[in-house]
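This report goes through side-chain packing in one protein chain. The sequence and the structure come first.

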Amino acid sequence: QVQLAESGGGLVQTGGSLRLSCEASGPAFSAYTMAWFRQAPGKEREFVAAVTWGVSRTVYANSVKGRFTISRDNARNTGILQMNNLESADTAVYYCAAVRNYFATESGAYTYWGQGTPVTVSS
């Protein structure tokens, strides 16, 4: 059983940066693919980025490519989403998710979810 807890959300101006963290508890976190999703008010939850357990592969949504960077520190059971050059369209609740020994961009594939951290980008 893996438990995830996000932190680092907040209010930022357009063009600013935020760093989201996802702390994981439970065994063998290094065996899990970790991903970030987001859900804006009135919209479906969407994929943002994912990193495989061996950090051998990262994938980004086109909307964040070149602005966001996903990383992980397996020794600290922590995942990071560095978000730069934020836009108003990035406003959403951001969720950390994990699935063991599998890689996907679909939310339905992920077994474990955090509670989410809100990000608001003001113009």
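The text below covers aromatic pairs, a charged residue over rings, the disulfide, the nonpolar core and one threonine.

The model is predicted, so local features need pLDDT of at least 70 and side-chain atom pairs count only at pLDDT 80 or more, while totals for chains, interfaces and linings use all residues. Residues are numbered from 1 along each chain as its sequence is written, and side-chain values use heavy atoms, with hydrogens and water left out.

**Aromatic residues**

Six aromatic pairs turn up in a search of the whole structure. Rings of Phe, Tyr and Trp (its six-membered ring) pair if their centres lie within 6.5 Å; planes under 30 degrees apart count as stacked, over 60 as edge-to-face and the rest as tilted.

| Pair | Centre to centre | Angle between planes | Class |
|---|---|---|---|
| Phe 37 and Trp 113 | 5.1 Å | 50° | tilted |
| Tyr 95 and Trp 113 | 6.4 Å | 75° | edge-to-face |

Both link distant parts of the chain. Phe 37 belongs to strand 4 (residues 32–39) and Trp 113 to strand 10 (residues 112–113), 76 residues apart. Tyr 95 is in strand 9 (residues 92–100), 18 residues from Trp 113. Strands are DSSP runs (E, at least two residues), numbered from the N terminus.

Phe 37 is buried because its relative accessibility is 1%, and Tyr 95 is buried at 14%. Trp 113 has 24% and is therefore partly exposed. Phe 37, Tyr 95 and Trp 113 belong to one aromatic cluster together with Phe 47 and Tyr 110.

Arg 45 sits over two of these rings. Its charged end is 3.9 Å from the ring centre of Tyr 95, and Arg 45 also lies over the face of Trp 113, at 4.7 Å from the ring centre. A charge sits over a ring if NZ of Lys or CZ of Arg is within 6 Å of the ring centre and within 35 degrees of the ring normal.

**Disulfide**

A disulfide is a pair of cysteine sulfur atoms within 2.5 Å, and by this rule the count is one. The sulfur atoms of Cys 22 and Cys 96 are 2.0 Å apart. The link is left-handed, with -75° about the S-S bond. Both cysteines are buried.

**Nonpolar core**

A nonpolar core is a set of buried Ala, Val, Leu, Ile, Met, Phe, Trp, Tyr and Cys residues joined through side-chain atoms within 4.5 Å. The largest has 40 residues, of which Trp 36, Leu 81, Met 83 and Tyr 94 touch the most other members. Strand 9 gives the most to this core, with six residues. Contact means heavy atoms within 4.5 Å.

**Thr 78**

Thr 78 is found in strand 8 (residues 78–83) and is buried at 15% relative accessibility. Among the residues Thr 78 touches, not counting those up to four places away in sequence, are Cys 22 and Phe 29.

Notes: Helix = DSSP H or I, 4+ residues; strand = E, 2+ residues; numbered from the N terminus. Buried < 20%, exposed > 50% of the residue type's maximum accessible area, 1.4 Å probe, protein only.
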